[in-house]
Amino acid sequence: MNFLIDSVLFSYAQIFFSNRKWFGLVIFLVSLLTPKIGFLGLLGVITANLIAYFLKFDLSKIRSGFYGFNGILFGAAVGYFYELSLSIVLLLPVFILITFFITSVLEHYLAVALNLPGLSLPFIISFYIFIIFLSNYGEIQFSKNLQIFDIPTDFSQPVSIFLKSLGLIILQPSVIAGLIILIAIFFFSRILFLLSIISFIVNFYAIKIILPFQTDGLMVISSVNSILVGIALGGSLIIPSRKSLFLVIISIIMTVITIGFFHQVFLTSRLPIFVLPFNFIVLLVIYSLKFRRDHTDLTLLYFKPGSPEENYYYHHNRKARFERFKYFSVELPFFGEWKVSQGFNGEYTHKDKWKFAWDFVQVDENDKEYKNNGNKSEDYFCYNLPVLAPLDGEVVKIVDKIMDNPIGEVNIDKNWGNTIILKHAEDFYSAISHLKEGSFEVKVGEKVRKGTIIAKCGNSGRSPYPHIHFQFQLTDKIGEKTFKYPLGIFISKSDNEKKLRIFEYPQKGELVKNIETHKIIKNAFDFKLGNKLNFTYEIKNKKFEEEWEVKIDIYNLLYLENNFGEIAYFSLSDKMFYFTSYVGKKNSALYYFYLSSPIIPFTFDSELSWKAPYSVTELTNTKLLYLNELLLLYKNYLRAYGELKFIENEEDDNSFLIITEIKMKGFGIMSFMNSTKRGKIKIDENGNISEIAFYEKNKFIFKANNNLEKK
Amino acid sequence: MSSKKIYERPIITKNQSGFMNKFGSSSLVKPKVEIDGVLVKDLVDKWGSPLFVISEKQIRSNQRNALRIFKSRYPKVQFAWSYKTNYLKAVCAVFHSEGSWAEVVSEFEYQKARRLGIPGENIIFNGPDKSDSALLNAINENAKIHIDHFDELYKLIELTEETQKKANVAIRVNMDVGVYPKWDRFGFNYENGEAWQALKRIITSRNLKLIGLHTHIGTYMMSADAYKTATIKLVDLAKGLKNNYNLNLEYIDLGGGFASHNTLLGQYLPAEEVVPSIEQFADAISSGLFELSGSLDELPTLILETGRALIDDAGYLITKVLANKRLSTGKRAIIIDAGVNILFTSFWYKHKIHPANETGVHTEESAIYGPLCMNIDCIRESIVFPNVKKDDLLVIDYVGAYDMTQWMQFINMRPNVVMIMQDGTVELIRKSEDIDYIEQQEILPATLKNFK
């Protein structure tokens, strides 16, 4: 029964691209304003969902309203256009069956083959069939005396057209229905609220200019289509942005033209236009957008949709935090700290085809590269130092037997010098050049692990003084064009600022080194499938016990799940841990853990700090966010980021602390919204997460302790 | 150069027959007017003579260089400051602030390290003399105890059984690395299997946690290869532990012993030319350590207890000429106010000595004696040195290691020690002694008080 109710309510919500049950309920109640239309709609959705259920379609899809909303539209449309008669009531279930099959075929075809939403196309097709079928019994006769429930208002004409258009989406073209829907939309999404108003206004003027001889009826039907286009393209199927708003305006102009087209086409057949222009334009735009080379603007939804706001925050948070996360975690090919003497687009040789390469040398604390007077290779600190494999791979090419140059001279004949090329994956190779003659510790064909010593730094090839040249490339050719790929995790120092860098590119002049694995920190975050953790905490004097378990889903994604069903997805590499998303209530130990450890490198260094972006919705539920969301189409005025650091031995016990300062900052008119939160994770000397604490405005708000004996 | 010519006392030098030195005969001795930018004269005016001067900048630079050199050859390196080399608080504090742990060889040194705030787990407790109370304390504070002999091992087992506490231990191993003299008086021998016996005994005891292996093959080592041999022998033991007991050691401690740039008494060539560089020592040790297979994460940390090579050239002794005199042989002798009681290392080294001001170009073979009324008080038997006058200041180089720990109060008091800080200011880090300080420990029995 619950399932049925859910599937019905979600079906109603789906009409407006919403995934909220309460929103579906509001739409359902609005549809009952004219009971005849409402009940036929309800009949439609229940029938459609039951058919899907008994035919054993995917339950989660039925529940989400995927199959149901076309049923609503069909039922409601029948009630709207026809007088109720026995024959029509008997025909209705048959046609809903037809609608259902069209839905399943179309949705499946569009979704699987073209990766497009099906929209309300099934409803339109089956309703046309219905109308034309009924014409077998005579002229198409639409009901003339339908009474749409409304209450008298004194809104100006455009406003009442706008509200009626909103109502007409569920076939209730009344001011009161439109008003309720508009309010509901506001509470569901500020972006959709704005979009529906903007769409109407654009449409209103577009019609006046393009189709000045229009009738009121055409104005209403054009408004309906335009509002739906705005809702779909402005924020529901595309991540909202200024550009998506612009796209909406262009699309509405196209919609108006399409209206003019269909109006003439259907003039003789007397078929209603319905939302056909909306379906046509939205599918057209979405489908063509898929063929672009670059999807950074007007990004189509690539995840399970939420409200446009959620889509926006999710997309931008993901972009900030994980976009740069790559599959391979490359390390610097040496021990110790070296200096980038030439970076990307360098001034000496890293140009054109070879612009994505690094040269590394070693310097002492006074930034000198050599001792004595620097006229022998041996004087240079980096000379003869071990060079390591940056990633697991296979040795595919070695060039040896090129003599070191005297200092200051270069070998232009064999400019790459002694070089080793490793293959890490198909079409992914790394090359290290200017190595020392005869220093290779591996052979061609040998498999090497990341960090294995492969050779020593020399001064061969186009190398006036000892250094190594490091690049990625797509083939095993010596001197191949460089390929841009970041390093997994490293520490950089410049101007005495020490930073942890994650999937970034070392810059010229920086001192860089690999992180040193700290066993205790690694132990704490190296979650293995099936690991269990157990925490106790108190909220308002009530004791809670929370158990986490490490699980894995069918896509091989690891997550922590607590006994309340809250879930936090995470990723693990050999050198770091990071959370990807959290689903659940904002008061569990898991939630605070998620906030307190967004990215954790497996090292320990109290001089190190690093940043992690957050999405503001992860931090607060306040309705003040509505203001920001009204502006979101223009700009996000709220930012949140965490600054993390390690602290050792507070209170002189042997524990390690990870502190996260999460700052939410408002800009411009949101500048009144500033907050600071602090997360603290304590790791004991055996590598257990022993305590999770959270502070807001320096006031302690949460603390959970690990029940170690239960582990 | 001052505009006024320097007055030179007339000297008579014997004409040598034979070939001329093709490099000419310019004086090898250059004056040292300042240390780290501070005038030697100013230092003596304020703090008196003799005066030990330590350069903070030089210590840091030595430590950073050594760390850089080792870390770019082996991923996990930890230095532990060898307290006995110089345990003045300020010196230790500089090393600790550079990330060094403490390496101590007595309860006294252990206490010094603790007082400086070094946590027990960052203290390596070496040496053949550890009292029961010292061991108990070290166990309680999680110090790393390096066992020297079986009696100590049995004692540790006994103490940990009694207290039911776990102790973190390593053993010191001695071995033949092809260098004479063989240091076999410390630790357990590798070649005769004693070390392996000790390791087995530790593994079978419930309360001892074996975390490392330690060796210290000698002092002032002139051969880097000896370190490779030593490392390979320790690695062999580590492999044995891994294969037989699946035990991964936390660290391998190669001790100290790297030579500094002081020239030994018996050496002909100057130390700079014969002593291996730290790079060479590091190459030898790291190549030995990579004999251990396994992932980088599993490799043990390399611990180094380098003392002398990190501090020797950061220490200077300023001294004043008390007198010039001729010996019966006609050789000149210079008497200075610093004796062997504060410059203990003059028994080992041919110290480099500079005048603190410009001198003339003529040099003369001289002996330099200290102020003590003892025949052994000789700083340099023979040195080609320019003319200096009474009250001239001299600077003796490379006195940072051992002199400020092995010095003694004998005939004279021990002088002030100052540190020239990184910012160029000078801080007194040990006050010169006075008679009250010396006598405060003394007790005159009542019966002897009125001996008049």
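Colleague: Of the contacts in chain A with a separation of 6 or more, what share comes from residues 24 or more positions apart?

Modeller: This is a predicted model. In chain A, 63% of those contacts join residues 24 or more positions apart.

Colleague: How many helices and strands does chain A have?

Modeller: Chain A holds 18 helices and 25 strands. Its C-alpha trace spans about 105 × 65 × 50 Å along the principal axes. Of its 711 residues, 46% count as buried.

Colleague: Into which domains is chain A divided?

Modeller: The assignment gives domain 1 (1–188), domain 2 (193–323), domain 3 (338–513) and domain 4 (519–710). Take domain 2 and domain 3 of chain A: their centres, over C-alpha atoms, are 52 Å apart.

Colleague: Now a helix pair. At what angle do the axes of H10(A) and H12(A) cross?

Modeller: Angles of 65 to 115 degrees count as roughly perpendicular, and those under 35 as roughly parallel. Here H10 (residues 190–210) and H12 (residues 242–269) of chain A cross at roughly 45°, and their axes come within 9 Å. The two helices are therefore oblique to each other. Their crossing is right-handed.

Colleague: Which residues meet there?

Modeller: On H10(A), look for Leu195(A), Val202(A) and Ile207(A), among others. The H12(A) side includes Val248(A), Ile253(A) and Gly260(A). The contact residues divide into 11 nonpolar, three polar and no charged.

Colleague: How is the size of an interface often given?

Modeller: It is often given as the accessible area lost when the parts come together. For this model, we can count residues instead. 13 residues of chain A are in contact with 13 residues of chain B. On the chain A side, five are nonpolar, four polar and four charged.

Note on methods. Residues are numbered from 1 along each chain as its sequence is written. Chains are lettered from A and ligands numbered from 1 in the order in which they are written. This is a predicted model: local features need pLDDT of at least 70, side-chain atom pairs count only at pLDDT 80 or more; totals for chains, interfaces and linings use all residues. Axes are lines fitted to C-alpha atoms, for helices over the stretch in contact, and angles run from 0 to 180 degrees between N-to-C directions. Helices (H or I, at least four residues) and strands (E, at least two) are DSSP runs, numbered from the N terminus. Angles under 35 degrees count as roughly parallel, over 145 as roughly antiparallel, 65 to 115 as roughly perpendicular and the rest as oblique. A crossing is left-handed if the near helix is turned anticlockwise from the far one by less than a right angle, and right-handed if clockwise. Two residues are in contact if their C-beta atoms, placed from the backbone, lie within 7 Å. Ala, Val, Leu, Ile, Met, Phe, Trp, Tyr, Cys and Pro count as nonpolar, Asp, Glu, Lys and Arg as charged, and the others, Gly among them, as polar. Domain bounds come from an automatic or database domain assignment. A residue is buried if 20 or more other C-beta atoms lie within 10 Å of its own, exposed if 12 or fewer, and partly exposed in between; C-beta atoms are placed from the backbone.
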